[in-house]
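Please keep the sequence and the structure in view while reading.

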Amino acid sequence: MKGIKNIIHSYPFRLFLFVELIFIFFRLLFVSVLLIKGKNLQIDEIPSVFIYANRLDFSAVTYIISIPVLLWIINLYIKNKLLSKINYLLNVFLLPLTGIIGLLNIFTFYAWGTIINARAVSFFLYPKEIVASMSTIQILSALLLIIITSISIVHLYKRKVHPVFANQISTSKHLTLIWLAIFPITLRGGLQQIPINESVCMFSKNENTNLASINSFWYLINSIYKAQNINNKAYQFYSDQEANNYYKALYQSASNCELNITNTDKPNIITIVFESWTADIIESLGGEKGVTPFFNSLEKEGIMFDQI
């Protein structure tokens, strides 16, 4: 009983709980945004949002604290102040980053109606365009919230969690290694055959309610990993030269090529721009089926330009 008590008061448990509380806090803010924006969130489903979020949360927490916990275990056997400093600097980077991702997730949903992912992060490569689309008040407010979030997390970690790192608990050291047995389970989100994914959070008929259950840190890292794999395999069947030649051939046209698509020389043309649309959701362009039924009907009645 004493051994279990010591484990509960140990550094890994306290760090695990601290990161989980960060996730819970920002999920509360996300749920508040859903309620404010009138996204049809049912009050009786709010407890389920947090219950179904646990498995992805635990997986994300394990990823974040794995190296700090490993440093703690090493420090049990090799007491070294350098390990404590390395651990502190690592957490001062990772923990505020976790909070900032949670904050950016709320910003992303508020602006675009989706949670933060690799595509959203890619827009940060164009800071001028982002700044141009925001007012001065929005920019200053975002920066202020990011600063407050970072300072608050570092302050709480420094006071409530890090001092425990150097404390040598009285229980036998080999008992603390139980964390090494627990981590593979929480990392995979359980004992199931395949690793966990965001589908475990899909419990509601309301998509926005399901989004509230998805861990923003886990989802962002996973989407970046998938996007990287897709980019690396873009030309898996062609060399760069072959791909370029094929690309150029698609856009070649005869100099005297003319195509009349109207029955008048001076047609009235209305241009409709769909902001933030992507071919990923347009069925005729190889995207997902059933996402844009009304657009599909417009295609049948009009002309689809797929090489512009």
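Is the crossing of H2 and H7 left-handed or right-handed? In this predicted model, the crossing of H2 with H7 is right-handed. Helix H7 covers residues 136–160, and the axes of H2 and H7 lie 11 Å apart at an angle of about 155°. Angles over 145 degrees count as roughly antiparallel, and H2 and H7 are therefore roughly antiparallel to each other. On the H2 side, the residues that meet H7 are Tyr 11, Arg 14, Leu 15, Phe 18, Ile 22 and Phe 26, while H7 contributes Thr 149, Ile 153, Leu 156, Tyr 157 and Lys 160. By class, the contact of H2 with H7 is made up of eight nonpolar residues, one polar residue and two charged residues.

H2 also packs against helix H3, which spans residues 46–77, and here the axes are 8 Å apart at an angle of about 145°. The crossing of H2 and H3 is right-handed, and the residues of this contact comprise 22 nonpolar, two polar and three charged.

A further pairing joins H3 to H4, whose axes come within 10 Å and cross at roughly 165°. H3 and H4 are therefore roughly antiparallel to each other, and their crossing is left-handed. From H3, the residues Ile 64, Ile 67, Pro 68, Leu 71, Ile 74 and Asn 75 meet a set in H4 that consists of Leu 83, Ile 86, Asn 87, Leu 90, Asn 91, Leu 94, Leu 95 and Thr 98. The contact of H3 with H4 holds 10 nonpolar and four polar residues, with no charged residues.

| Helix | Residues in helix | Span, first to last C-alpha | Expected span |
|---|---|---|---|
| H2 | 26 residues | 38 Å | 38 Å |
| H4 | 32 residues | 46 Å | 46 Å |

For H2, which runs over residues 11–36, the span is close to the value expected at 1.5 Å a residue. H4, formed by residues 81–112, likewise has a span close to its expected value at 1.5 Å a residue.

The ends of these helices can be described as well. At the start of H4, a side-chain oxygen of Asn 80 comes to within 2.8 Å of the backbone nitrogen of Leu 82, and just after H4, Gly 113 adopts a positive phi of about 75°. Just after H2, Gly 38 takes a positive phi of about 65°.

Definitions and conventions
Residues numbered from 1 in each chain as written. Predicted model: local features only at pLDDT ≥ 70, side-chain atom pairs only at ≥ 80, totals over all residues. Heavy atoms only, no water. Axes fitted to C-alpha atoms, helices over the stretch in contact; angles between N-to-C directions. Helix = DSSP H or I, 4+ residues; strand = E, 2+ residues; numbered from the N terminus. Left-handed = near helix turned anticlockwise from the far one by under 90°. Nonpolar A, V, L, I, M, F, W, Y, C, P; charged D, E, K, R; others polar. Parallel < 35°, antiparallel > 145°, perpendicular 65-115°, else oblique. Contact = heavy atoms within 4.5 Å. Expected span 1.5 Å × (residues − 1). Polar contact = N/O pair within 3.5 Å; in protein donor to acceptor, adjacent residues only side chain to side chain.
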